[in-house]
Number of protein chains: 2
Amino acid sequence: VKSPSKPTQHLTINTKRLYADFQALANIGKTLTGGISRLALSNEDLEARAWFANQIEDAGLFVRDDEVGNLSGILFSANRDAKTLLIGSHLDTVPNGGAYDGAIGVLAGLEILRTLKEADVALPFHLEVINFTDEEGWWQSFFGSMGLAGLLDTEQQRNERQDNGAFRAALYRAGIRPAEVDRARRDPETLLGYLELHIEQGESLQQAQCDIGVVTRVVGRSTYTFTFYGEATHAATTIMDKRRDALQGAAVFITQMHGLTQDEFPDAFVNCGNVHVQPGTFNVVPSEVSLRVECRHEDEEALANFESRIVRLAQECAAQYRLSVSSQRIIHRDVALMDDRLTQRFVDMCEQAGYRYQKMVSFAGHDAQILSKITPSAMIFIPSHEGISHNPREFTEWRDIEKGTDLLLKTVLSLAETS
Amino acid sequence: VKSPSKPTQHLTINTKRLYADFQALANIGKTLTGGISRLALSNEDLEARAWFANQIEDAGLFVRDDEVGNLSGILFSANRDAKTLLIGSHLDTVPNGGAYDGAIGVLAGLEILRTLKEADVALPFHLEVINFTDEEGWWQSFFGSMGLAGLLDTEQQRNERQDNGAFRAALYRAGIRPAEVDRARRDPETLLGYLELHIEQGESLQQAQCDIGVVTRVVGRSTYTFTFYGEATHAATTIMDKRRDALQGAAVFITQMHGLTQDEFPDAFVNCGNVHVQPGTFNVVPSEVSLRVECRHEDEEALANFESRIVRLAQECAAQYRLSVSSQRIIHRDVALMDDRLTQRFVDMCEQAGYRYQKMVSFAGHDAQILSKITPSAMIFIPSHEGISHNPREFTEWRDIEKGTDLLLKTVLSLAETS
């Protein structure tokens, strides 16, 4: 038995092993169109977790799972009282999404633990790679990271979006007991911090020809349900002027919402991702149209202004067609600030390694924004080809994955040296 | 046994019995909001048929059902070789529709047969009240009347709308064998004609203070599926200008389609009754949006122009957002002309009875338009309160129902005298 070595800046990851992991994982939940569907708690997600647990065990790491289904591999410090540095992301995907979103962050973390274990590096902290449950929100966005942060309780009650019966059944099937999710909370005193590597899902890194994006903040986000109410009447016999067609109001709202965003809030992002029409029959004038609208902005106050402007616009559009409209904010996430010191460490490591980087804002939500509420958190992005994500065409060059993983390893080593 | 009497103009219907029938039927499929859901081939529809069969039997009429599920009561002529005069409509409804649409026509027919039978009127034709299967198109519009007209075969193959598996199962459950629907065809030589009483479902009779609308034609109708194709990308990270958001194209199309109709085709009716968004998640830019659009016009050529203008508009809207669009005409029904002589008979009877009437076009589709392809057909409307239909608030004054039924009876008697 050789004695643990000092941390070293000369370690490198085993890129072939990481690539093999990526390939194996990308086969779980593969769709006919070449995308990935690993919806949280689905068969495919459970298969990916089982595969991940095997990889952790094969690497001789400690497998841990918690009461919200987060699954970790741990490389323990010799100091049993040490705090834990988390490296994480998620293995779940949106329907027919890409192979990189989330997966790369988890696999990079695993590869770093394996590299450190093989080199028998003595760490002053426990190092834990963690896969968070349902980051993408198939059931409830950030269910896993919220559970770990102890933020799940009120959120779960507020969330009127999901069919709780089906959600509960899915949780039970995955071995998660709804009544026990509180116990997933980790004491912040036991945590040193949280690091996350993720694909950018935008194209600013590619355009700036940067290797790395160092995230300074994650935008705030509010999700609304707007429901326009008109009157269901026979589509052939109700004269056009007399109709109270909920869909006409909703359609104008969608169009004007995008126009307003472009004109008045050019820094905001908005999306209407779903429309539900009642009664939904070709020969009946729509009486009820529900829209799911998501607003994002990097500035908390601007986000609030943007939201109230959009709510007012919905009312204006409804009035125009003699409809009523209800606006319900169903999700809100504050702007999340990344930890300055950890962020600076990423910057220092980029400069040392000669990686081209830029500081940037994350427009997508990430587990890091939840973790930042309880522990110093920081995040890096690697380039996404043409910015395409949540799509089978999502792609990141392998050399960029290598650089990102290497930077993460160097940062862990640097933290180990100075902790 | 008294000998059959001559037809007489002095017969009157039993309005209490008709009202009791109406009340009993309105309890089958009643919804929590006071509407009626008797979707074709549903439990409620089957219950309504069973009730109707009982009423026919209780009246001492002959029960007949055919290979497409049409259910009839027959009062036979003493002349076994006589032709058959049909009086019909439908007992099925749209989801949460009203109690009058279709039902009144069938019940009025039944009441007329009972009245004639009680009075022992000798008829020179067989008189048959018929309930047609799926007039509303829950599975396939006019399934029953098309079957009777022998028009079902090619139509069924063309129809890509329904889930044929579920439809077939529903047919089997109702005792209809898909392979045998051809046998429902009636030889036109055996038919004298077809009469239908229906609520107007518009408000022109009410506004003109008329008792009766004598229908001269039923508008032509085309139903399209438009599918806009964009690209599913992450809603937070794809910059607004780079999006190919299928829903933005679809929303502009809906708005402009209504504007175009108002400006260029004021006599046309158009409705977009359903929208389906893929992938339908709040944080993914919509990649695929399907719309169901229905166009109606009383003039065949104008309808064709209107359709091609709307198809072009869809292409223009798609191009505006860098989308593609497919346009598929899934249903087309020609403008249907009612029989001049039968129509004139209705007019004559209105004048004799002192009923205020107007000639009019039907914008809604009715079984009469299908029957008109194989036998002389005619149709009358009675007023709909405020024109509301396909809605729990659908309402027709009882005195209007009485007048309509009386007119239908008088017309049958008049035809009997002159046949």
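Modeller: A residue is called buried under 20% relative accessible area, exposed over 50%, and partly exposed in between, with a 1.4 Å probe and protein chains only. Lys242(A), at 44%, is therefore partly exposed. This is a predicted model, in which local features need pLDDT of at least 70, side-chain atom pairs count only at pLDDT 80 or more, and totals for chains, interfaces and linings use all residues. Residues are numbered from 1 along each chain as its sequence is written, chains are lettered from A and ligands numbered from 1 in the order in which they are written, and side-chain values use heavy atoms, with hydrogens and water left out.

Biologist: With which residue does Lys242(A) form a salt bridge?

Modeller: A salt bridge is a side-chain nitrogen of Lys or Arg within 4 Å of a carboxyl oxygen of Asp or Glu. The partner of Lys242(A) is Glu203(B), with the closest N and O atoms 3.3 Å apart. Glu203(B) is buried, at 13% relative accessibility.

Biologist: How many salt bridges are there between chain B and chain A?

Modeller: The count is four. Another pair to look at is Arg393(B) with Glu231(A), at 2.1 Å from N to O. Over all chains the count is 40.

Biologist: How is the size of an interface given?

Modeller: It is often given as the accessible area lost when the parts come together. Here buried area is the accessible area (1.4 Å probe) that two parts lose on being put together, summed over both. Between chain B and chain A that area is about 4900 Å², and carbon and sulfur atoms give 55% of it. Counting contacts, meaning heavy atoms within 4.5 Å, 60 residues of chain B touch 61 residues of chain A.

Biologist: Why do the copies meet through the same surface?

Modeller: Because 100% of the interface residues of chain B are also interface residues in chain A.

Biologist: Which side chain of opposite charge is nearest to the buried Asp66(A)?

Modeller: Lys and Arg count as positive and Asp and Glu as negative, while His and the chain ends are not counted. For Asp66(A) the nearest is Arg64(A), 4.5 Å away, and Asp66(A) has no salt bridge. A polar atom of the Asp66(A) side chain lies 3.0 Å from the backbone nitrogen of Val68(A).

How values were computed
A polar contact is a pair of N or O atoms within 3.5 Å; within protein, one must be able to donate a hydrogen and the other to accept it, and residues adjacent in sequence count only if both atoms are side-chain atoms.
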